[in-house]
Amino acid sequence: MAKKEKTPSQTPMMVQYQKIKDQYPDAFLFYRLGDFYEMFNEDAIKGAQLLELTLTTRNHNSDNPIPMCGVPHHAVQNYIDILVDKGYKVAICEQMEDPKLAKGMVKREVIQLITPGTNTEVGSESAKSNNYLTALVADTSNHKMGFSYADIATGELKAATLADSNDLINEVMSLKTKEIVVNSTVSATILDQLTKIGILVSHQEEVTVKAETSYLMQGLENKIQEKSVSLLLTYINVTQKRSLAHLQRAVSYEPSRYLKLDHYSQYNLELTQNIRTKKKSGTLLWLLDETKTAMGARLLKRWLDRPLLSKAAIEDRQNKVKVLLEYYFERSNLQDELVSVYDLERLAGRVAFGNVNGRDLIQLKTSLQQVPKIKHVLDTLETPEFDEILKSLDPVEDVAVAIESAIVDEPPMSVTDGNLIKDNYNDQLDQYRDAMQNGKQWIAELQASERKITGINNLKVAYNRVFGYYIEVTKVNLSKLPEGRYERKQTLTNAERFSTPELKEREQLILEAQEKSAALEYTLFTDLREKVKLAIQRLQKLAQVISTLDVLQSFAVVSENYRLVQPQMTQNAHDLQIVQGRHPVVEKVMGRQSYVPNDIRMDPQTSILLITGPNMSGKSTYMRQLALTVIMAQMGCFVPAESAKLPIFDQIFTRIGAADDLISGQSTFMVEMQEANQAVLHATQNSLILFDEIGRGTATYDGMALAQSIIEYVHDHVHAKTLFSTHYHELTALEDNLSELRNVHVGAVEKNGELVFLHQVENGPADKSYGIHVAKLAGMPEELLNRASDILSRLEEENQGKTISAVTEPRKQLKINEEAQEAEKPTTVNEDEQLSLFSEKSVDPKSEKVLTDLKTLNLMSLTPMDVMNLVNKWQQKLGK
Ligand SMILES: Nc1ncnc2c1ncn2[C@@H]1O[C@H](COP(=O)(O)OP(=O)(O)OP(=O)(O)O)[C@@H](O)[C@H]1O
């Protein structure tokens with residue numbers, strides 16, 4: 001049978017829907033229909049799947065049924081959160097008039113476009129971190145990029161000029177932005193990188209900054225930053241369509257004014273996210289977070305992302321921590337007061353959006369009422385450190401008083417149903433309330449008087465929403481009712497409900513008063529809200545001061561709990577002395593008793609510590625310990641040690657752990673080399689480099705050669721403080737040649753054939769590789785271990801006198817001015833004929849073949865047996 005021609009059954013509603021949907025092609029359109037938000041067509045099919053909703057159809061009897069699914073309006077936020085969390089956008093389309101009063105189609109409009117970067121309604125746990133929307137524009141003429149970000153919930157707005165895509169990736173990763181707004185100036189390569197790391201890229205070409213928001217850009221450093229902020233503000237306006245009076249004036253910031261730490265290092269050092277669980281637990285943030293407010297928690301995270309470089313600023317924070325540490329009772333009072341401070345930043349945001357309710361205002365009032373108490377606590381400190389903070393604490397008393405006089409202590413959620421404004425606040429409202437009260441009183445008395453008149457003892461006066469007030473009489477008593485006065489309202493199985501003209505009149509009065517008073521309450525509420533809006537900037541300033549106090553007290557608590565000490569900060573990059581330092585997180589997890597503290601000492605004569613020791617002995621822990629100590633100190637916190645003298649580092653470079661490359665999908669070894677390259681190129685003598693077993697990702701010789709040359713390069717050209725751990729024992733010989741390199745090792749002893757880790761860092765190189773012992777600890781079968789021991793001794797025997805070792809010949813200097821002089825020097829092999837990769841001595845063809853085989857061999861892909869066979873083959877070739 002021929003299929004019927006499809007007749008597009010476009011109802012007026014679907015025409016309206018389509019017209020709106022066309023404006024939001026990349027968003028789910030939530031179309032309000034009565035008590036539901038409906039999705040249609042493709043949105044419905046995809047939405048039903050993502051939100052686990054039942055997919056139905058509209059016009060299912062027609063030839064052109066329309067897929068449809070919906071969510072109830074009261075639960076819409078959950079569904080929005082799910083979609084936005086998955087990286088989608090949701091356009092909320094509301095009915096703009098009362099359907100009962102509308103003539104023809106109900107007018108509908110999109111009132112907000114919710115996107116991953118603009119979602120402000122997040123759960124309480126996520127309120128502890130910011131949700132940043134970012135924007136990027138490029139200037140191809142000078143290869144600079146303008147970058148900006150805003151948190152729409154708190155109003156924070158910042159801008160920076162970035163030099164390259166590395167800077168950009170570091171910024172977006174450390175801000176954990178979910179969405180970036182760009183225009184056509186941004187290159188496809190960059191867009192590709194951003195998409196690969198899972199950031200939603202939103203395009204916005206046209207820029208229109210409303211006159212009333214242009215002041216937000218005053219004071220920015222340059223045009224490119226202004227362009228970026230303009231793009232950001234345009235996008236916010238386009239999507240939010242609501243007041244943004246709480247956005248703070250944009251501030252330029254300079255990423256290089258803070259301790260630079262690329263995102264790999266942040267990731268590897270587990271500053272805010274546990275690598276295994278992806279959670280906060282087990283991270284430095286987890287250890288440091290004893291904040292009492294969500295604002296404090298967010299600020300702590302920002303401080304962790306951006307440790308300071310200025311000695312004065314670092315010491316200022318540390319000195320405040322010291323005071324709070326010493327004044328135990330005052331600190332504990334301060335904490336008690338902070339607990340009752342709600343999220344002022346977000347409350348200010350909600351005031352601006354116009355979606356605060358009575359409960360929010362009560363939270364605001366409660367928070368403001370804490371300020372005088374906090375001031376009092378600070379006042380009792382007999383030291384000058386907090387004078388500045390004390391002075392800047394503004395209790396915004398006018399707002400607190402206004403809320404106190406207007407809003408009842410326990411207001412309802414709704415702001416339109418009344419019962420949120422106090423008595424004696426407004427005369428008119430009091431009159432309505434009297435009318436309601438009198439009416440209700442009259443009705444309460446009615447039951448008694450009606451019973452008396454009729455003689456019916458179980459006569460009842462009551463109220464329901466559909467029928468209003470009524471007099472109820474059971475059927476058996478109906479005959480007792482006098483004729484004429486009672487009008488029947490409703491019949492039940494064993495009773496009848498009536499009204500009387502007086503009751504109707506009273507009811508009318510009560511309902512009218514109720515309606516009018518609710519409307520008046522709403523007006524009074526919005527007036528109050530506007531008044532609070534005028535204080536937004538003061539509230540934001542207050543929020544800043546309180547969150548700073550919160551982070552400082554958190555540092556004091558942590559310092560007390562984990563026995564941290566105030567480090568002595570020096571400008572001298574060459575003096576680093578940590579006595580009995582600890583890795584605070586490992587110590588917390590394993591318990592204080594089991595952790596072995598260690599010194600880290602680097603004087604002007606030592607820029608590199610080469611760390612050897614068996615697997616699992618604690619090499620990486622030792623390195624991470626130093627990084628965390630430096631970060632904690634430069635955040636303004638105390639550090640885990642008996643005492644510490646620390647230089648101020650400008651950057652930390654790490655190569656620890658096997659990070660996957662999120663951006664380009666490169667191999668682990670490639671990432672390792674790229675990270676090492678970053679350090680080699682960009683580190684200064686004020687930087688800290690931590691290299692954990694560099695080179696282990698490739699064949700042994702290859703890896704060792706690279707490791708050695710990296711060490712030499714850093715030693716000769718970079719002079720950054722460097723910790724380098726390695727399994728290549730041969731590299732310990734470098735100490736003889738590199739004046740600034742010192743060997744240390746993590747001790748382990750053999751007891752009855754078992755390996756016992758001491759976790760103690762000692763001077764000098766480790767003397768033995770303990771690989772097989774570690775394999776034993778890992779529980780490998782006895783037979784396998786015995787075989788490994790056999791192979792090891794055979795290999796040692798066969799290679800006697802031919803051990804691989806570090807090449808200790810003079811290094812070719814890479815500096816241009818030294819090149820000529822260096823060219824004179826002969827490249828020699830080691831005197832004792834060590835098997836060296838780097839020798840260029842001429843050899844006979846047979847040996848050359850063996851050498852080539854050896855050079856190109858990928859040791860990591862071979863089993864010990866393969867190696868035995870190969871060595872055997874080579875020996876035959878060489879005529880042994
Ligand atoms: N100072 C210490 N005191 C007590 N235990 C420690 C200490 N340092 C490390 N450990 C323990 O030893 C374990 C291994 O440490 P770590 O990973 O630093 O060893 P490693 O030498 O780097 O090992 P690998 O060479 O296999 O990477 C840690 O998980 C911790 O439990």
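Is S617 buried or exposed? S617 counts as buried, with 25 C-beta neighbours inside 10 Å. Buried means that 20 or more other C-beta atoms lie within 10 Å of a residue's own; exposed means 12 or fewer, and partly exposed is in between, with C-beta atoms placed from the backbone.

## About the model

This is a predicted model: local features need pLDDT of at least 70, side-chain atom pairs count only at pLDDT 80 or more, and totals for chains, interfaces and linings use all residues. Residues are numbered from 1 along each chain as its sequence is written.

S617 sits in the loop between β21 and α20. Helices (H or I, at least four residues) and strands (E, at least two) are DSSP runs, numbered from the N terminus. Leaving out residues up to four places away in sequence, S617 touches V746, A748, F757 and H759. Contact means that two C-beta atoms, placed from the backbone, lie within 7 Å.

G613 belongs to the loop between β21 (608-612) and α20. G613 is buried too, with 29 other C-beta atoms within 10 Å.

## Around the ligand

The ligand is surrounded by 15 residues. The closest are N615, G618, S620, T621 and H759. A residue counts as near when its C-beta atom, placed from the backbone, lies within 6 Å of the molecule or strand.

Helices α19 (584-590) and α20 (619-635) each supply at least two residues of this shell. α20 gives the most, with three. The shell holds five nonpolar, nine polar and one charged residue. Here Ala, Val, Leu, Ile, Met, Phe, Trp, Tyr, Cys and Pro are nonpolar, Asp, Glu, Lys and Arg are charged, and the others, Gly among them, are polar.

## Two helices side by side

The axes of α15 (residues 397-406) and α17 come within 10 Å and cross at roughly 170°. Axes are lines fitted to C-alpha atoms, for helices over the stretch in contact, and angles run from 0 to 180 degrees between N-to-C directions. α15 and α17 are therefore roughly antiparallel. Angles over 145 degrees count that way; under 35 is roughly parallel, 65 to 115 roughly perpendicular, and the rest oblique.

In α15, V399, A402, I403 and A406 meet L524, L528, K531 and V532 of α17. Seven of these contact residues are nonpolar, none polar and one charged.
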